[in-house]
Every structure is written in structure tokens, then in C-alpha cells.
Amino acid sequence: MIWGIFKRDMCHATRNVIAVIVSMGLVVVPALYAWFNIAASWDPYGNTKALKVAVANNDKGYKSDLIPVRVNVGETIISTLHANDQLDWQFVKSDKAIDGVKSGEYYAAIVIPKGFSADMMTLFSPDIKHAQLKYYLNEKINPIAPHITDQGATTVVNTIDKTFAKTIAQVGLDLASSILHYSQSPQMAEYMRNLNGNLTTMADTLSGASQQVTSYSQLLGSANDIVDSTGKLLASATKAGKQAQNALKQGKSGATSLTSAGANVTSSVNTALDQVSGAFDQVAAKVNKAFDAIGKDSDTAASQLATLSEQISSGESLYDTYITSLNHMRESVEQLPDSDSAKQALLEAIDWEITLLEAAKGDSQKLAQQLKDASTQVTQDTAAAERSRKEILNRITSAKQSISNVRDDYATNVKPKIDALASTVSTLISQTDSMITQLSGTADGLDDVTGDVGTNVTSIRSTLGAIAKKLDSSAATVKELITKLETGGNAGDGNSDGGNGGNDASSSDSGESDELRALATANASTLSTLISAPVALHRVSVYPIANYGSAMAPFYTILSIWVGAIILCAMLKVTISDREKAHVLGLGDTLPRIAGPSGPGNASRWGLRLDHEYFGRYAIFALLALLQGTLVCLGDMYFLGVQANHALQFLAVGWLAALVFSNIVYTLTVSFGDIGKAVAVVLLVMQVAGSGGTFPIETLPKFFQMLYPFLPFPHAIDAMHAAMAGSYGNEYLLDMVYLALFLIPSLLLGLVLRKPVIRLNNWVSRNLESTKVM
């Protein structure tokens, strides 16, 4: 069925001359579209010499004492542009240049202002100005021309930069050469000898001045030592006065404490001794009573004696309290001045009193022990108990006597001495306190005076020391300069240093002099050119393209193949008439009435299915599309001379693109009629903008970057680029596969998804025809 439809279509297409001409036109027109665009953009940037750009020079030049060479950068620019053929440079007055840009006579104009050279030479002054060119541009004439003229203006700026750097380098090298020649003259040798003598005298003078300043500083140092000694003596007097005053205050406090402690101890002694003495009388009575009960009730007597022993032991705390009070009194006495003669006598009296108390405490402890021992003996031996009774009573008498001795000694020796000492110390403190206060104030005043003098002297010495160091440093610098000048002179004369070949400094200076001589005697023009442009760009092309036309050929070729597919669908019928169906089926000129209205699939009951109709009519579309692709690719390679390193691969891309594009446009037209043709045109417009064929896809808006992978153009263009310049890895094969994958949704729409919309498409077609306009 498919072959039958294709044979009848080929017969109809070649039946007469007009049909053949139209068929040939369908094949040739897309190729012409591509060839015209490729040829027109073959080498646009190589023909920029026809673009008129005006140049006006108003520069007045510059000359100064620093650089005794007249500099006119504007004239240098004009001379350079005369030899430049990148653009059609027009050298006119500034008024005409500006007016020509406004009228469209010139695409752009460059005006060099009057002070251009002077502004550039402010590089050597504190007030640096940025030299500026005035660049006028007519942007409405052409969208690309401004970018080309911008490149020309950039060339002018680069030329100025290089020329300026070269001029400065030339002047510098000339000055270096002149200096070197002058340094080797006899006049320069005489000047150097005089200079060395003057510098030697200057160095000696600086060294002598440094020594004098150092001597002044040492003299001031001796005076400062005297002032420091005086200050230290006054500080010692002030410190001693303050220490004495503190001691007097401590003595006064001690005297007060001593008086208070004496009163407290006196009261404590009288109370404590009276209690202890009365307690011993009670103990004696209780001891007699306990021993009297031995024969009657030994256990009761033993218990009473044990109780008395405990009472005596507990009374030892009274001795401790008294001893503690005496120790506090002793501490108060020790705070008094050592010069007081009564202090030591009082301390000895207090120590003797403490000794008597310790003895009395010992008698009480022994009494308590005897009572405790007696409590255990009364139940065992009556005779031994009677002896213990006498011993205990004697011990009680002895303890009472010890307490009486303590009380008498305190009243006789300790108390009077405490009162006398406290009175003496208080009087002494009152008399000397005012005198020490006056001495301290006087010493403080003198200390302020000596401190100021010492500070001023130290500051002066520090300043003199810094001056001496600077003088020594200056002298050393001058001496070093003398050495370098002498060494440089010897090196310039080419003298050696005896048998040892000279020292390291001479060798180093000689090497530097040789380098300077070599630099000054070299070709100044060559060196200045190197300095003005020290870096050269070496361009290495990866996958090189012969020219701009070859670079643009994939885009225009793929675009023309899509345009050819649209033209085919515009000129050829995509549906098969009932008469053609009947002839293919062998049913005559018409289908039976039972076939129903004319439309796709109405002959399926006789074996002509919808897919037969689809592929049968598409066959002639595919044939013509392949012819279109073949012609345009062969014309690119052999008519225009487009670069194609792999010709067969280049042809294969054209064939595959022709099949894919023709199938997509054919399917849209079969499925949606004239609306499908409009959709094909919309897809064409979208792919022209978003295929990355002209500008890189990264420079396009975000929407096109997202849409990029889902369009067939980018993959076809990339595959053609790979065929032209070479492929990286499997790049070519992958792009061909991606391009072929677009057949899947196209066939799915043409064979499956279009069935439900056939009636809708027929209804739209009938309504459009009913308008008598569409």
C-alpha cells in the first residue's frame, strides 16, 4: 500500500514540465537560502576597511626641562593610523568629524583634545591626570558596526599606550647612555676626586659632632646622679619619718591596749583567785568528811573523793584563762617602742607571773591525781587511806599558798609597772607626733623638686643620645658612599686589585657597570619596543575553522533544511484523496459509498490503514527532503568551499536532519492541518533564537538556556561542527543519536495520538473553508 501511494505520487510529480520545475524548485530554494547567507557572512570582519571612521587631532604637544624632547602623541597616532587599514580612517577637523557622525557619513569619530600629550606627561608630576580621547559613535546605522568601530578605537588606545611607553623608554635609555659616556670623561674623574675629598671632610665633621654630643650627655649624666642621690636621701628621710609615725601610732595603740588589758587582767585575777581559794577550803572540808566515812561506808567515801578529783580537774580552766589574759597583756607590751626602759622589766614581771600560775596549776593537777588515787585506796587499806588524807590536806594547803603568791606578785610587781609604762608611752607619743608630721611634709616638697630635675635631665640625655646616633649613622652613610664611589671609579677604569683579583664589592660593582654599559650601548629602539609591549599573545587554535563563513555554515545549513521542510508541506498535499485511495486499492476512480466522508482512515476496511496513508504520502516528502539536504551540503563543500574535514559525516548530518525535520513538519501538518504549519513556523523562530548557532547559549536569557536541550537545532549544529573541524571522543555520534531521538515523539503523534483529533481537525478545516477567505 505504501509503495503504491509513493509510485502514484512520483508519477504525478513528473507528469509535466511545470511539476518537474516546481519539484526542482522545492529542492533548490532551501539551498539558495543557505548559500546566500553563508556567502554574505563569509568574511565580514576582513572587510571592515570600508567602514569610515573620522579622526581629528587637536593635540598641541608637550615639552619640559625633565624630558628635553618634544612629545606630541596626537601626531604619532595620526602617523600610525595612516598605515592602518583595519578601517577607512578619515583625517578631518573636529567639527566635521562630529557632524559627520551625526549625519551618518561616518560610523564613528575619534577626537584628540589639545592637552592630550600634556595630560599623559603628568605621570611625572604629583597631580596626575588621566588622558582621555573623545569617541563619538552613531549606533543607529547598524547593530554590528558599533562593535567593529569599538575594536578600532581600542586599537587606537593600545597604539597610544605602546607609543607612550616606547617614547618614555627611549628617552630613559638615551639619558642612561649619556650619563655613562659622561662618567668616563676626565672632567667626571676630577669631579669625583673633589667629591670624595668633600665627603671625607663631612664624615669627619659628623663623627666629631657625635663625640661632643656624647660628652655633653655624660656630663649631664653625672649631674643627674647627684640629683638622684639627693632624691634618694630625701626619700629615705620621708620613709623613716613615715615609719616612725606608724611606730608611734602602734605604740599609742599598744599603750591603750596595755591599759585596757591591765584593767581586765586585774579584775580577772581577783575574781579567779578568790574563787579558787574558796574552792580549796570547800575541798578540804569535803575531804575530811569523805575520810571520816571510810569505816562506815567506804564506797560512798570513794565516790566523794572521785567527784572532788573531777572538780579540781575542771577548775584548771581558770588557770588557763588567767594565763591567756597575761599573754594578751604581754603582746600589748611588745607593741611599745623598744627604747622604753620599762618595757623589758614589765615583760619579765609578766613572765614570772605566768611561771607562778603554771606552778599553781601543777599543784592543782597533783591534788586531783591524789584524790583520784585515794578514791581507789579507801576500799582496800585503812592505814594507807589515812596517809593519803594527810598528803591531800597538805597539798591543798600548798595549792592555796601558790595562789596567794600569784595574787601578791601581780599586785606588787606587774600592775604598778603596767600603769607607769602606759602613762610614759602616751606622753612620748603626743610630743613627737607633730614633729614627724612637719618633717614628712618638708621631705615631700623637696622630693618633688628633685624628681622634676631628674626627669628633665633624663629627657635631655635621651635627646642627645638620639642626636649622637643619627650623627654616627650619617657619618657611616657618607663613608659608605665614599667607598662605593671609589670602587665604582676603579671598576669603570678597569683596574684590578693587585694579585688577588679585587674584592667581592669591586667584582659586584664591576658587573653592574658592565650591565649598565651593555644596556646603554644596545639598540635603544629595540629595547624601547620590548619595554612598551613586553608580552606577545601566541594564539593556539583548537579545532580551527578556516573562516567566519565556515563557522556560520552549520547554522544556516540546518536552518535552510527546516525551511525546506516547511516549503514542502506548503506546496505538497499531506492528505490522500478518495480517488487516489481507490486507484491504489484497484477500485476504480471512486471509493464505494459505504466509505463515508472523505478523510484519513476511511478506506481501512479495504486494507488501506491510517499508517499506510501516513508513510505512503510521507515517502515523497522524505525523498525531496533528502535531495534538499544533499544539495545544500554538497554546495556548501564544493561550491562555497566551506571547511569539512569529514565530508561523509557532513553529508550524513544533512541527511539525518532532513529526515527528522521533514517528519516533524509533516506530522504537525497531517495532525493539525494549517495550524500545524503555523506551529512549525513558531518552532523555527524559537530555534533561531535558542539554538546557540550565533551567540553562545550561555549569553542567552534563562528561558532559552532551559529550552536548549529540547530543540533539534542545537544537536544538528553541534554534529555538523564536529564533522567540519573534528570530534572530541564520541561527540559526533552522541549528537546524531540525540537528533534521531526526535523521530520518536513525531512518529508517536503521527501514528497514535492524531487518531482522536482527526474529527476535530476536519471540523476546523470545514469551518475555515466556510469563511471563503481562509
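Which residue stands opposite Ala108 in β3? In this predicted model, the residue opposite Ala108 is Val53. The two strands involved are β1, residues 52–57, and β3, residues 108–112. They pair in the parallel sense, over five bridges.

Strand β4 spans residues 134–137. Its pairing with β3 is antiparallel and rests on four bridges. Strands of a sheet pair through backbone hydrogen bonds, in either a parallel or an antiparallel arrangement.

Together, four strands build an open sheet with mixed pairing. Their order is β2-β1-β3-β4. Strands β2 (88–91) and β4 are at the edges, and each has a single partner strand, so one side of each lacks a neighbour in the sheet. From one strand to the next, the twist averages 20°.

Two helices pack on this sheet. Helix α3, residues 73–82, touches β1, β2 and β3. The direction of α3 makes about 155° with that of β1. Helix α4, residues 94–103, touches β1, β3 and β4. The direction of α4 makes about 155° with that of β3.

Strand β3 is mostly covered, with five of its five residues buried. In a regular strand, side chains alternate between the two faces of the sheet. In β3, both faces are covered. Ala108, Ile110 and Ile112 are buried on one side. Ala109 and Val111 are buried on the other.

A separate helix pair was also examined. Two packed helices are described by the angle between their axes and the distance between the axes. Helix α14 covers residues 548–571, and helix α16 covers residues 610–640. Their axes come within 10 Å and cross at roughly 150°. Because of this angle, α14 is roughly antiparallel to α16. The crossing of α14 past α16 is right-handed.

On the α14 side, the contact is made by Thr557, Ser560, Ile561, Gly564, Ala565, Leu568 and Cys569. Helix α16 contributes Phe621, Leu624, Ala625, Gln628, Gly629, Val632, Cys633 and Asp636. By class, the contact between α14 and α16 holds nine nonpolar, five polar and one charged residues.

Notes. Residues are numbered from 1 along each chain as its sequence is written. This is a predicted model: local features need pLDDT of at least 70, side-chain atom pairs count only at pLDDT 80 or more; totals for chains, interfaces and linings use all residues. Side-chain values use heavy atoms; hydrogens and water are left out. Axes are lines fitted to C-alpha atoms, for helices over the stretch in contact, and angles run from 0 to 180 degrees between N-to-C directions. Angles under 35 degrees count as roughly parallel, over 145 as roughly antiparallel, 65 to 115 as roughly perpendicular and the rest as oblique. A crossing is left-handed if the near helix is turned anticlockwise from the far one by less than a right angle, and right-handed if clockwise. Contact means heavy atoms within 4.5 Å. Ala, Val, Leu, Ile, Met, Phe, Trp, Tyr, Cys and Pro count as nonpolar, Asp, Glu, Lys and Arg as charged, and the others, Gly among them, as polar. Buried means under 20% relative accessible area, exposed over 50%, partly exposed in between (1.4 Å probe, protein chains only). Two strands pair if DSSP finds at least two bridges between them.
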